[in-house]
Amino acid sequence: MTAVPAITLNNAVRIPQLGFGTFQIPPEETRETTLAALEAGYRHIDTAQMYGNEKGVGQAVRDSGLDRAEVFVTSKLNNGAHAHDDALRAFDGTLEELGLDYLDLFLIHWPLPGKGDFVETWKALEEIYRSGRAKAIGVSNFQPHHLRRLLEATTVVPAVNQIEVHPYLTQDDVRAFGAEHGIATEAWSPIAQGKVLDDPAINRIAERVGKSPAQVTLRWHLRRGDIVFPKSVTRARIEENLDLFDFDLTEGDLGEISALNRDERTGPDPDRFNG
Ligand code: NDP
């Protein structure tokens with residue numbers, strides 16, 4: 001079995017640094033695909049209420065034969081539930097869909113600057129955390145100014161901030177803010193949904209080390225210390241994306257890939273997006 005390193009979050013919870021993403025996996029395929037990921041060796045699954053596929057993720061975890069404690073499961077609060085009581089109800093719905101009695105990590109999916117109030121929403125997540133039904137809580141798509149507001153107004157420091165990060169969007173400012181405050185960075189769309197795979201610099205490095213452009217990009221994330229969960233419905237790619245531990249990149253390679261940054265998002269801008 002591949003030895004995936006673990007990262008210790010700010011409340012001592014350990015999270016496998018490499019997991020499996022499930023965005024855009026159709027609900028009817030989610031059980032089978034997630035089961036393939038668990039069979040390949042992934043022990044960390046990222047889903048969200050918005051993906052509509054929590055049920056399949058839960059079925060896969062239960063059908064895998066693994067102990068619940070061996071699999072790290074994350075879900076995220078839907079954008080329509082940004083109010084204290086709505087958030088509590090939505091969390092109950094998530095546990096029900098998954099068929100699990102706790103989550104490892106529960107996130108506010110988007111800050112939604114023009115809608116709701118993420119501070120009040122966070123207070124609901126704090127209650128969930130204190131109840132033990134989420135072992136850790138965090139946020140997603142938060143900019144430093146959103147995080148600053150949370151840190152000033154609430155008690156529990158988010159364990160993670162899940163943001164878009166890849167070689168064309170390195171997000172050094174948001175990552176540095178997180179590192180300064182004990183908030184781990186999770187990098188979503190780590191291969192930019194495939195857009196970085198034709199990059200000439202990444203391909204040159206891939207040829208030299210004898211790995212694929214996706215593997216080189218994922219290794220770059222791990223060397224930077226971020227948590228990643230590439231998504232694939234293709235069994236060979238599911239295995240390829242886990243096979244990252246028999247090679248390494250030089251400092252020169254890491255610098256060359258980081259220098260590809262062009263602040264290019266594949267997803268929405270969190271300062272404008274209102275769900
Ligand atoms: P990824 O960067 O993981 O890319 C997924 C795409 O790349 C799919 O089209 C997949 O194809 C293809 N692919 C995967 N592996 C390979 C490979 N080895 N070689 C070639 N192509 C490959 O994009 P995602 O947007 O899915 O991001 C990953 C996860 O991050 C999501 O699944 C979700 O869990 C999370 N996320 C969170 C967001 C947030 O707002 N918090 C937003 C977006 C994502 P195929 O499936 O056909 O094999």
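Q: What makes an open set of grid points a pocket, and what is the volume of the largest pocket?
A: On a 1 Å grid over the protein atoms alone, a pocket is an open set of points with protein on both sides within 12 Å along at least five of seven lines, and lining residues have an atom within 4 Å of a point. A volume is the space filled by probe spheres set on the points, which are joined across faces, edges and corners, and for the largest pocket the volume is about 730 Å³. This is a predicted model, in which local features need pLDDT of at least 70 and side-chain atom pairs count only at pLDDT 80 or more, while totals for chains, interfaces and linings use all residues. Residues are numbered from 1 along each chain as its sequence is written, and side-chain values use heavy atoms, with hydrogens and water left out.

Q: Which residues lie nearest the centre of the largest pocket?
A: Of the 35 lining residues, Phe 23, Gln 24, Ser 189, Gln 193 and Lys 231 lie nearest the centre. By class, the lining has 15 nonpolar, 15 polar and five charged residues, where Ala, Val, Leu, Ile, Met, Phe, Trp, Tyr, Cys and Pro count as nonpolar, Asp, Glu, Lys and Arg as charged, and the others, Gly among them, as polar.

Q: What makes a space a cavity, and how many of 30 Å³ or more does the structure hold?
A: A cavity is a set of points where a 1.4 Å probe fits but cannot get out, and the structure holds one of 30 Å³ or more. The largest cavity has about 60 Å³ of space, and among the residues that line it are Trp 110, Phe 142, Glu 164, Trp 188 and Arg 265. Its lining comprises seven nonpolar, three polar and two charged residues.

Q: Why are helix 1 and helix 2 called oblique to each other?
A: The axes of helix 1 (residues 27–40) and helix 2 (residues 54–63) come within 8 Å and cross at roughly 45°. Angles under 35 degrees count as roughly parallel, over 145 as roughly antiparallel, 65 to 115 as roughly perpendicular and the rest as oblique, and helix 1 and helix 2 are therefore oblique. Their crossing is right-handed, and the contact (heavy atoms within 4.5 Å) includes Leu 35 and Leu 38 of helix 1 and Val 57 and Val 61 of helix 2.

Q: Why are helix 3 and helix 4 oblique?
A: Helix 3 (residues 84–98) and helix 4 (residues 118–131) have axes that cross at roughly 40° and come within 8 Å, and the two helices are therefore oblique to each other. Helix 3 also passes helix 4 in a right-handed crossing.

Q: What makes helix 7 roughly perpendicular to helix 8?
A: Helix 7 (residues 200–209) packs against helix 8 (residues 213–224) at an angle of about 100°, with the axes 8 Å apart, and that angle makes helix 7 roughly perpendicular to helix 8. The contact, to which Ile 202 and Ile 205 of helix 7 and Val 216 of helix 8 belong among others, divides into six nonpolar, two polar and no charged residues.

Key. Axes are lines fitted to C-alpha atoms, for helices over the stretch in contact, and angles run from 0 to 180 degrees between N-to-C directions. Helices (H or I, at least four residues) and strands (E, at least two) are DSSP runs, numbered from the N terminus. A crossing is left-handed if the near helix is turned anticlockwise from the far one by less than a right angle, and right-handed if clockwise.
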